[in-house]
Amino acid sequence: MNIRLIAALTSLVVSVFVTAANAATFTVFKATAYLPGYIQQGTAGAPKLKMARLATADLINLALGQPLLTLFPDTYVLAAAIGDDNTGRFIVFDTKVLRVVATLGTVGDRRRAENNPEALVDFRRVGTGNIAFGQAGSITGGNLRYAGIMIVQQSDRPGPFLNSRSEVAIGSISYVTGGVPSEIIIIHGKLTIDGKSLGTFTSP
């Protein structure tokens, strides 16, 4: 066999192996958002503050690049994807075909502490992390710090089942609607996870 061909095949095999080795498996859970805050209107003269809010449907439409009141398929949900490598993703997930429609942001490192005495017993987890928003549809950036208590139910449930409590989210999200750029400063929001896993996916 040609030496160059052997080298090329070897390189391909190594590349595939490394990609597979670095891939993470994400477990998806439906999320809801309530993010009240303020938007500044005007930057010169006498700027004013306007109360605003982003909710679950708003974030989905922004991620899809659609006007805020647009109807989207019932199978599209806002979701938290929790990786087995201690990272996370904030996504729009299609529950019908089990695929990621859009990624709003990523969590590079989650911090948590838990009371988990033994397997197959419900336990409590306390956690925090930062969602770094990237370019997704009409969303142009931002950071949202979250914290809360998670009840992990595994004693009488098939598969992972999570219920969040005492949720807090603060930060900012930048986006464009109607051609107008805005940044909402979120002062006391909530990101809630409640329910059974919607599925899993693997991604580098």
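Let me start with one residue. R165 touches G148, I149 and I151, if we leave out residues up to four places away in sequence. R165 is found in strand β9. Is R165 buried, partly exposed or exposed? Its relative accessibility is 42%, so R165 counts as partly exposed. R165 and L191 are 26 residues apart in sequence, and their C-alpha atoms are 9.7 Å apart in space.

A word on the source: this is a predicted model. Please keep that in mind throughout.

Now the overall layout. How many helices and strands does the protein chain have? There are two helices and 11 strands. In sequence order, the pattern is α-β-β-α-β-β-β-β-β-β-β-β-β. The protein chain has 204 residues, and 37% of them are buried. Next, the contacts. Take those in the protein chain with a separation of 6 or more: 54% of them are between residues 24 or more positions apart.

On to the cavity. Searching the whole structure for cavities of 30 Å³ or more gives one. The space in this largest cavity is about 480 Å³. Which elements give two or more residues to its lining? They are β3 (76–83), β4 (88–94), β6, β7, β8 (139–153), β9 (161–177) and β10 (180–196). The lining has 28 residues, and those nearest the centre are I82, R110, Y146, M150 and I193. By type, the lining divides into 15 nonpolar, six polar and seven charged residues.

Let me stay with one of those residues, Y146. Y146 sits in strand β8. What does Y146 touch, not counting residues up to four places away in sequence? The list is V107, R110, G127, T128, G129, N130, I131, V168, A169 and L191. R110 is on that list, and R110 is also among the lining residues nearest the centre of the largest cavity. Y146 and A169 are 23 residues apart in sequence, yet 4.3 Å apart from C-alpha to C-alpha.

Next, charges. How many salt bridges does a search of the whole structure find? One. The partners are E114 and R125, with their closest N and O atoms 2.8 Å apart. This pair links distant parts of the chain: E114 is in strand β6 (residues 111–115), R125 is in strand β7 (residues 123–133), and the two are 11 residues apart. In general, side chains of opposite charge can pair when their charged atoms come close. The two partners fall into separate accessibility classes. E114 has a relative accessible area of 39%, so E114 is partly exposed. R125 has 17% relative accessibility, so R125 counts as buried. The cut-off for buried is under 20%.

Now helix α2. Why call α2 largely enclosed by the rest of the structure? Because seven of its nine residues are buried. Those are T56, D58, L59, I60, N61, L62 and A63. Look at T56. T56 belongs to helix α2, which covers residues 56–64. A polar atom of the T56 side chain lies 2.8 Å from the backbone nitrogen of A33. Setting aside neighbours within four places in sequence, T56 is in contact with A31, T32, A33 and L78.

Take L98 to begin with. Where is L98 found? In the loop between β4 and β5 (99–107). L98 has a relative accessible area of 46%, so it is partly exposed. Then S166. S166 is placed in strand β9. Is S166 buried or exposed? Exposed, because its relative accessible area is 54%.

To recap. The predicted model has two helices and 11 strands. The search finds one cavity of 30 Å³ or more and one salt bridge. Helix α2 is largely enclosed by the rest of the structure.

Terms used:
Residues numbered from 1 in each chain as written. Predicted model: local features only at pLDDT ≥ 70, side-chain atom pairs only at ≥ 80, totals over all residues. Heavy atoms only, no water. Salt bridge = Lys/Arg side-chain N within 4 Å of Asp/Glu carboxyl O. Helix = DSSP H or I, 4+ residues; strand = E, 2+ residues; numbered from the N terminus. Buried < 20%, exposed > 50% of the residue type's maximum accessible area, 1.4 Å probe, protein only. Polar contact = N/O pair within 3.5 Å; in protein donor to acceptor, adjacent residues only side chain to side chain. Contact = heavy atoms within 4.5 Å. 1 Å grid on protein atoms, 1.4 Å probe; cavity = no way out; pocket = protein on both sides within 12 Å on 5 of 7 lines; lining within 4 Å. Points joined across faces, edges and corners; volume = space filled by probe spheres on them. Nonpolar A, V, L, I, M, F, W, Y, C, P; charged D, E, K, R; others polar.
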